[in-house]
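The entries follow the order in which I looked things up.

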Amino acid sequence: MARYDLSETEWRLIQPLLPNKPRGVARVDDRRVINGIFYILRTGSPWRDLPGRYGPHTTVYNRFNRWAKAGVWVRVFEALSAASPGSMHLIDSSIIRAHQHAAGGKRGPDHAIGRSRGGLSTKINALVDQDGLPLRITLSAGQASDKAAVEELIYGLKPAKALVADRGYDAQAVIDLVRSRGGCAHIPTQKDRKVQRSVDPAIYRQRNVVERYFCKLKHFRRVATRFDKLARNFLAAVLLASTRLWLRAYESTT
């Protein structure tokens with residue numbers, strides 16, 4: 001087994017979540033193709049440099065692209081993350097530099113690329129549970145406000161008793177949104193505000209689990225730098241990297 005390939009346990013977990021193909025031409029071996037996708041995500045190599053043991057690079061890329069378009073990677077991620085108890089939610093974001101190859105997308109839909117201090121970039125907004133495992137991920141342009149992503153991150157999730165975030169999320173609208181869903185927002189106020197809101201230090205210290213999530217996520221070089229023109233495909237890469245973190249968590253407990 002090559003370095004970045006799925007283990008037997010990981011494959012047994014992900015195989016039932018893949019689409020069925022009951023008729024027509026047999027699909028190229030799913031495990032080999034997905035191993036090839038993870039090789040590209042982990043190493044950051046161009047698709048054309050995929051080692052021959054994974055088959056033609058066009059086959060591997062086309063599967064990644066087609067299933068991203070069909071929402072397969074979203075459904076796989078959501079199926080695995082559904083096991084989280086979700087007793088605590090922690091939110092943060094991370095700026096990802098967009099490679100020049102990613103900036104030449106066709107005009108039309110918003111591809112979540114904007115300008116921040118580092119140049120062209122994309123922001124990954126993530127909500128994780130108390131173990132640092134991701135539950136919801138969205139993309140926005142690099143210069144977008146963190147606060148604007150909160151509603152999309154928590155929408156549809158079972159409310160947690162506590163939501164923890166840093167000062168970048170300090171807004172009354174965010175506090176009220178969390179409260180309306182039966183939770184309590186543990187978000188420090190901006191230092192220039194006259195009325196300061198107290199936050200339990202023991203709870204706030206747990207925010208480091210979302211920072212550790214981003215550190216693990218950026219081990220996947222195809223995520224640490226954005227090469228994909230389409231936001232859909234870059235989000236698929238982030239979701240697959242996050243799926244791998246879930247698979248490893250499952251594997252460590254079985």
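I sorted the lining of the second largest pocket by class and got nine nonpolar, four polar and three charged residues. Here Ala, Val, Leu, Ile, Met, Phe, Trp, Tyr, Cys and Pro count as nonpolar, Asp, Glu, Lys and Arg as charged, and the others, Gly among them, as polar. The model is predicted; local features need pLDDT of at least 70, side-chain atom pairs count only at pLDDT 80 or more, and totals for chains, interfaces and linings use all residues. Residues are numbered from 1 along each chain as its sequence is written, and side-chain values use heavy atoms, with hydrogens and water left out.

I noted a volume of about 290 Å³ for the second largest pocket. Of its 16 lining residues, E78, S81, L135, R136 and L157 are the closest to the centre. Helix 4 (72-81), strand 4 (134-141) and helix 10 (231-252) each supply at least two lining residues, and helix 4 gives the most, with four. Helices (H or I, at least four residues) and strands (E, at least two) are DSSP runs, numbered from the N terminus.

I then turned to the largest pocket, with a volume of about 350 Å³. A pocket is an open set of points on a 1 Å grid over the protein atoms alone, where a 1.4 Å probe fits, with protein on both sides within 12 Å along at least five of seven lines; lining residues have an atom within 4 Å of a point. Grid points are joined across faces, edges and corners, and a volume is the space filled by probe spheres set on the points. The lining includes W47, Y61, H101, F227 and K229. By class, this lining has five nonpolar, three polar and four charged residues.

Next I looked up helix 2 (residues 30-43) against helix 3 (residues 57-70): they pack at about 85 degrees, axes 9 Å apart. Axes are lines fitted to C-alpha atoms, for helices over the stretch in contact, and angles run from 0 to 180 degrees between N-to-C directions. Helix 2 is therefore roughly perpendicular to helix 3 (65 to 115 degrees). D30, V33, G36 and I37 of helix 2 meet T59, V60, R63, F64 and W67 of helix 3 (contact: heavy atoms within 4.5 Å).

Last, I checked T189, in the loop between strand 6 (184-186) and helix 7 (201-204). T189 counts as buried because its relative accessibility is 3% (buried: under 20% relative accessible area, 1.4 Å probe, protein chains only). Not counting residues up to four places away in sequence, T189 touches R167, D170, V195, Q196 and R197.

Technical notes
Parallel < 35°, antiparallel > 145°, perpendicular 65-115°, else oblique. Buried < 20%, exposed > 50% of the residue type's maximum accessible area, 1.4 Å probe, protein only.
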